Amino acid sequence: MNVLVVGGGGTIGSTVAYTLAVQRPETTVTLADPQTAVTTGHAIDLRHAQCHVATAAGRPSFGDDPPGTVTAIDPSASPGPDPIDAADAIVVAASAARDPDSFERGGRLSNLERNLEIAADIGEWFGEADPTPTVVAANPTDRVTYRLWEASGWPRERFLGYSLSETARIADELARRFDTSPAAVSCPVLGEHGEHMVPAFSRATVDGEPIDLSATEREAVLEYVRDVPYDVIERRGPEDSSRWVTSRGVATIVARLADGGTDEPVCLSTPLSGEYGLEGVSVSVPVRLDAGGVGEVVEWDLAPNERDGLERAAAAVRRSLA
């Protein structure tokens, strides 16, 4: 598997690269970032991490695939389409430097204009190459995903905006409330990667059984999921983020693409063209993955309030793209 990480010098991009390098040591990773000194340092360290895995006690077998390589490139130095064409999957984590407004709730929108400009530039670069499945982990995710798609000219099915951290966070909170393991919890989250997220409580289960939460309890769970990433930032410091949950989730999606896709739907942000009555916008909806990205958008029967929430999320995203 060959993965191009655009924005590989940043916290999320480098952590995604590390996760891929140690979970699948056969992966070849290219870190694309103008911060070439930083990414070269990351590349050296990641190569050593792969060597450490390959030479650990017992010398685990990697089958016919030797450990992959990790290299760094500067996308601002006109690299052309070759790094894109060489990739089986792309991760976009490129973002402007965060400002203090991004450390408070709602902060994903603080760099909206600059990050849309970055997305447009990256999309134009992508347009030089053949379409490749792309997982977007730059905020605000839904807007960046849509702008990348617009600028690239690629089929919309190639773009997957990452939003699974909400699904992990809500599983953690529901597990505490029901005194069970998060592995026993399922509660998909649709809508915006932000304030207008839409937990599908009508489809939530614990140990395969539907759950019953009051309106007050549902609101409390939703507020927890909205608040907790900023609680993490406050505790870790403004230069950090909830990078581990994001990177594990992004790496998992990349691995699923490499393995040919998924049978079970997973909620990710993708440009819509009439599904759920929505178009001209990207928001999280259930999709089945294939090797090329989105194989199918799955249209669930949602509760009326969930359908309304999805429409409000789409309207909020669309307004900020105008």
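Trainee: Is R169 buried or exposed?
Mentor: This is a predicted model, and R169 lies in helix α6, residues 164-178. Its relative accessible area is 10%. The cut-off for buried is under 20%, so R169 is buried.

Trainee: Which residues does the UniProt annotation "binding site" cover along with R169?
Mentor: The annotation comes from an unreviewed UniProt entry.

Trainee: Which residue has a side-chain polar atom 2.6 Å from the backbone oxygen of N139?
Mentor: The residue sits in helix α4. Leaving aside neighbours within four places in sequence, it is in contact with S95, A96, N139 and V144. The side chain that places a polar atom 2.6 Å from the backbone oxygen of N139 belongs to N115.

Trainee: Is N115 buried or exposed?
Mentor: The relative accessibility of N115 is 4%. Buried means under 20%, so N115 is buried.

Trainee: At what angle do the axes of α4 and α5 cross?
Mentor: Helix α4 spans residues 112-126 and helix α5 spans residues 141-152. Their axes come within 7 Å, and α4 passes α5 in a right-handed crossing. The crossing angle is roughly 35 degrees.

Trainee: How many residues in the contact of α4 with α5 are nonpolar?
Mentor: On the α4 side the contact includes L112, N115 and L116, and on the α5 side it includes R143, V144 and R147. Three of the contact residues are polar and three are charged. The nonpolar ones number nine.

Methods:
Residues numbered from 1 in each chain as written. Predicted model: local features only at pLDDT ≥ 70, side-chain atom pairs only at ≥ 80, totals over all residues. Heavy atoms only, no water. Axes fitted to C-alpha atoms, helices over the stretch in contact; angles between N-to-C directions. Helix = DSSP H or I, 4+ residues; strand = E, 2+ residues; numbered from the N terminus. Left-handed = near helix turned anticlockwise from the far one by under 90°. Contact = heavy atoms within 4.5 Å. Nonpolar A, V, L, I, M, F, W, Y, C, P; charged D, E, K, R; others polar. UniProt positions renumbered as here; feature names shortened; annotations may be inferred. Buried < 20%, exposed > 50% of the residue type's maximum accessible area, 1.4 Å probe, protein only. Polar contact = N/O pair within 3.5 Å; in protein donor to acceptor, adjacent residues only side chain to side chain.
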